[in-house]
Amino acid sequence: MSKVKYYYDSETLSYRKVEKRKRNTFRKIALFTVASALFGFLFFNLASQFYESPQARKLKRENEFLKLSLKESQEDVNDLAKVIKNVEERDNSIYRIYFDAAPISDEQRQSGFGGVNRYKDFEGYDSSKKIVSLKESIDKLKKRVAIQSKSLDEIEELAKSKEELLVSIPAIQPVRNEDLTRMASGYGYRTDPFNKTRKFHYGMDFTAPRGTPVFATGDGVVDRADSNSAGYGNHIRIDHGFGYVSLYAHLRKNKPYNVRVGQRVKRGDIIGYVGSTGRSQAPHLHYEVFKDKERINPINFYYGNLTPEEFNLLLKASQQENISLD
């Protein structure tokens with residue numbers, strides 16, 4: 001039971017009861033509530049500077065772990081970029097040059113991505129700048145890897161073509177050195193044996209006994225094996241692909257061919273035998289090489305079975321302006 005309070009009224013010269021007003025009560029309650037809330041807020045802020053809640057400590061550890069992971073990921077990306085750069089440099093300076101392919105420019109390999117903002121979802125956070133930078137680096141690496149992968153696929157195809165080209169080029173002498181009597185005539189202006197005029201000789205003449213084996217100088221397909229071309233007599237033409245064709249003329253009269261039209265032959269296969277058919281003065285092999293339907297000097301293609309000394313002797317003999325045998 002609350003105490004009743006009185007006060008002395010000087011006008012009536014008597015004691016009167018103190019009446020409690022509800023307004024004053026509410027005011028005191030409100031003042032006390034506000035003061036308590038303010039005190040609690042100040043106490044919480046002060047305490048939070050010296051003491052962390054378990055949840056705050058957990059969030060802080062997670063944040064530190066994420067920052068560390070972000071840093072390590074950026075270092076990994078930088079290391080991968082160095083590895084890819086090394087592969088790109090070898091690709092441009094070794095592989096593509098060897099296979100006659102144009103190098104890929106740095107601008108093409110390292111170009112960014114235009115258009116819409118690809119990293120909008122990563123904005124608005126404390127680490128947004130680092131995250132966007134890392135994501136952009138990863139996307140560029142993906143593009144560089146894709147370009148490099150495509151380049152290696154191209155190199156693989158070029159390597160296959162290069163290997164096929166190397167075995168297809170007519171690169172050996174069509175008659176073995178030990179079977180030769182002499183190198184009768186080379187590519188260039190020579191004296192015609194029939195009318196004694198100076199005219200261009202488009203092949204090389206290898207003098208050898210009748211029946212001496214004639215070898216395919218490169219892989220290819222037999223395109224012709226007949227005597228239906230003026231002056232050549234019995235002759236064979238091999239299509240080596242890549243624009244190369246080789247011709248072997250004046251083969252022997254009886255059983256001149258060891259191959260048939262459409263047959264695939266390998267370099268070094270015996271395709272026919274030396275004779276003196278057609279427009280020929282003596283047994284020999286007339287040999288020609290075509291590139292893109294143009295006759296070229298066969299002397300440039302004997303790197304497959306001659307030593308440097310043998311090649312130099314052959315070159316010297318082929319340059320002499322003598323009388324050809326056809």
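Author: Here are some questions and answers about this structure. It is a predicted model, in which local features need pLDDT of at least 70 and side-chain atom pairs count only at pLDDT 80 or more, while totals for chains, interfaces and linings use all residues. Residues are numbered from 1 along each chain as its sequence is written, and side-chain values use heavy atoms, with hydrogens and water left out.

Reader: Why is G262 called exposed?

Author: Exposed means over 50% relative accessible area, buried under 20%, and partly exposed in between (1.4 Å probe, protein chains only). G262 has 53%, so it is exposed. You will find G262 in the loop between β10 (244-251) and β11 (264-265).

Reader: And why is E75 called partly exposed?

Author: Because its relative accessible area is 41%, which falls between those cut-offs. E75 sits in helix α2 (residues 54-98); helices are DSSP runs of H or I with at least four residues, and strands are runs of E with at least two, numbered from the N terminus.

Reader: What makes Y95 partly exposed?

Author: Y95 has a relative accessible area of 31%, so it is partly exposed too. Helix α2 is also the place of Y95.

Reader: How do you know what span to expect for helix α4?

Author: The expected span is 1.5 Å times one less than the number of residues. Helix α4 (residues 128-168) has 41 residues, and the expected value is 60 Å. From first C-alpha to last, α4 reaches 59 Å, which is close to that.

Reader: Which residues of α4 are buried?

Author: Among them are V132, L141 and I155.
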